[in-house]
Amino acid sequence: KRLTGGDGAHAAIVTSGHPKAFIHAADVLGIGGTLCCIGIPPGDITLTTPIATIVIKGLKIVGNLVGSMKDTLEALEYVRCGLVKPRVEVRPFKDLPLVYDELERGDVLGRVVLKVAQ
């Protein structure tokens, strides 16, 4: 919310395979915001957003198991225009065991790319 001046985001798109990313995802939305959950995380995960919050803020929650090519192109256009700013961290391949540990703990924000070649 800090990034939106306290208003909350118009939309949040959760693509993470880690359950923690889904649990509080709707909390970042502003009035009339949309939460789009893509994929199914492991385990029996539920959103923790109170029904009153969903109703009062007029939130929309949608799910998609697999995106289409059109969805992919639209998402890339959002990135190109600067509407979505992905978090990508490039690390050396030797960090692979550390990255796995971080993923298991849910400590990775965004994506980690492992650099294989110099």
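Reader: Is leucine 83 buried or exposed, and what is its relative accessible area?

Author: Exposure is read from relative accessible area: under 20% is buried, over 50% is exposed, and values in between are partly exposed, with a 1.4 Å probe and protein chains only. Leucine 83 has a relative accessible area of 65%, so this residue is exposed. The model is predicted, so local features need pLDDT of at least 70 and side-chain atom pairs count only at pLDDT 80 or more, whereas totals for chains, interfaces and linings use all residues. Residues are numbered from 1 along each chain as its sequence is written, and side-chain values use heavy atoms, with hydrogens and water left out.

Reader: Where is leucine 83 found?

Author: Helices (H or I, at least four residues) and strands (E, at least two) are DSSP runs numbered from the N terminus. Leucine 83 is found in the loop between H3 and strand S4 (88-92).

Reader: Which residues form a nonpolar patch on the surface?

Author: A nonpolar patch joins side chains of Val, Leu, Ile, Met, Phe, Trp or Tyr within 5 Å, from residues with over 30% relative accessible area and no salt bridge; like charges are joined within 9 Å. Here Tyr78, Val79, Leu83 and Val84 form such a patch, and together they have about 350 Å² of accessible area, by the Shrake-Rupley method with a 1.4 Å probe and only the protein chains shown as cover.

Reader: How many salt bridges are there by the distance rule?

Author: Side chains of opposite charge can pair when their charged atoms come close. The rule requires a side-chain nitrogen of Lys or Arg within 4 Å of a carboxyl oxygen of Asp or Glu. By this rule the count is seven salt bridges.

Reader: With which residue does arginine 91 form a salt bridge whose closest N and O atoms are 2.8 Å apart?

Author: That partner is glutamate 102. This pair links distant parts of the chain, for arginine 91 is in strand S4 and glutamate 102 is in helix H4 (residues 96-105), eleven residues apart. Arginine 91 also forms a salt bridge with glutamate 89, with 3.8 Å between the closest N and O atoms. Arginine 91 counts as buried at 10% relative accessibility, and glutamate 102 counts as buried at 19%. Glutamate 89, at 40%, counts as partly exposed.

Reader: Which residues do salt bridges with shared partners join into one network?

Author: Lysine 94 and aspartate 95 meet through their side chains in a salt bridge of 3.7 Å, N to O. Lysine 94 counts as exposed at 67% relative accessibility, whereas aspartate 95 counts as buried at 12%. Salt bridges that share partners join Glu89, Arg91, Lys94, Asp95 and Glu102 into one network.

Reader: How much space lies in the largest pocket?

Author: On a 1 Å grid over the protein atoms alone, a pocket is an open set of points where a 1.4 Å probe fits, with protein on both sides within 12 Å along at least five of seven lines; lining residues have an atom within 4 Å of a point. Points are joined across faces, edges and corners, and the volume is the space filled by probe spheres set on them. About 2300 Å³ of space lies in the largest pocket. The lining has 44 residues, and those closest to the centre are Ala12, Ile13, Val14, Val84 and Lys85. Strand S1 (9-14), helix H1 (20-23), strand S2 (29-38) and helix H3 (69-80) each give two or more residues to the lining.

Reader: Which element gives the largest share of the lining?

Author: H3 gives the largest share, with seven residues.
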